[in-house]
Amino acid sequence: MATTILPAGSDAMRKPAVVALLAFSLATPISAAHAWWDEGHMQVAYVAYQRLKDGPKDKADQLLRLNPSYQKWTAGATDEATAKLYAFVHAATWADDIKLKGSGYTRDDPNSPTAGQNIGYADHSQHDYWHYKDIAFSPDGSALGEQSKVDAVTQLKKMIAALPASSGASDDVRSYDLVWMLHIVGDLHQPLHATARYTRELPAGDRGGNEESVIPATGEVVSLHAYWDQTFGGYSSAFGAVFDAGGKEGIASLDVSGEDVKILDPEAWATESKVIAEKYAYAPPVSAGSNPAMLTRDYETWPAAGFVYKA
């Protein structure tokens, strides 16, 4: 499940995407038919784990044991149930870990012949471009740049197809896909992971808000993208993320739309996030160029101005 800040009465509803996706992929056969920071990804994973039924949950637990970081994820757990929870929660950060601090993983080109491969843990490419889908738009008629043929949506669809045991994929591939899926689903629900804005001031595009700077009330200058990434907080332990998500006002207490849970198409999630980015992330006083914009109280305090969390 992913959550964002939306205005009261908004039609844009956050669905428990990880829950629906895993339940579908792990419990049924195939049918015809840097992102939040660590805290955000782990909170999303915690909610997903709590809402999974026993069958899919047991299968996920088994697959996660194959990840090379499993022992690190479960360190400090006092019992087996806690170890399984910590592993699932930590797994949502693995795709960022190999990008930021993973030794043996190399940066690769989204146009390379292996960009869209799905070969399991033998793949030592970082695949930075799997974290986002830049759906391009321009508010002033600027030309739109060429989009990557491999992105979060194309890869997530491939992983959805491979995750069921009936797919014939090895457990190694399915484990690799599971940890990536936990991360990518969260990324696609961060609005600035689903868009790229082209303006006269930024004709090469803003890379999902990375080229714009904002100054929040804390006074530091940060990219617009980073400002939205930190919505859930920064870097935390699994215990901290579970505590925050499961608290009285945490995201685990949110209601879920029964219709939204049926939406299993990653393209639809990305499109919805792109619309949210246009309407809210790029709202004034965010600039159309690279000059830092001082954020207003209205921009930063949406809940106090009648905004609510929607799940």
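This is a predicted model: local features need pLDDT of at least 70, side-chain atom pairs count only at pLDDT 80 or more; totals for chains, interfaces and linings use all residues.
## Aromatic pairs

The structure holds nine aromatic pairs. One of them joins W94 and Y121, whose ring centres lie 5.7 Å apart. Their planes stand at 90 degrees, so this pair is edge-to-face; the cut-off for that class is over 60 degrees.

W94 belongs to helix α6 (residues 94-100). Y121 sits in the loop between α6 and β2 (135-137). The pair therefore ties together parts that are 27 residues apart in sequence. W94 and Y121 are both buried.

## The ring cluster

W94 and Y121 also belong to a cluster linked by ring pairs.

## A charge over a ring

The charged end of K57 sits over the Y49 ring, 4.6 Å from the ring centre.

## Helices α7 and α8

Helix α7 spans residues 152-162, and helix α8 spans residues 171-188. They pack with their axes 9 Å apart, at an angle of about 140 degrees. That angle makes α7 oblique to α8, because only angles over 145 degrees count as roughly antiparallel. The crossing of α7 past α8 is left-handed.

On the α7 side, the contact residues are A152, V153, L156, M159, I160 and A162. They meet R174, D177, W180, M181, I184, V185 and L188 of α8.

Notes
Residues are numbered from 1 along each chain as its sequence is written. Side-chain values use heavy atoms; hydrogens and water are left out. Rings of Phe, Tyr and Trp (its six-membered ring) pair if their centres lie within 6.5 Å; planes under 30 degrees apart count as stacked, over 60 as edge-to-face and the rest as tilted. Helices (H or I, at least four residues) and strands (E, at least two) are DSSP runs, numbered from the N terminus. Buried means under 20% relative accessible area, exposed over 50%, partly exposed in between (1.4 Å probe, protein chains only). A charge sits over a ring if NZ of Lys or CZ of Arg is within 6 Å of the ring centre and within 35 degrees of the ring normal. Axes are lines fitted to C-alpha atoms, for helices over the stretch in contact, and angles run from 0 to 180 degrees between N-to-C directions. Angles under 35 degrees count as roughly parallel, over 145 as roughly antiparallel, 65 to 115 as roughly perpendicular and the rest as oblique. A crossing is left-handed if the near helix is turned anticlockwise from the far one by less than a right angle, and right-handed if clockwise. Contact means heavy atoms within 4.5 Å.
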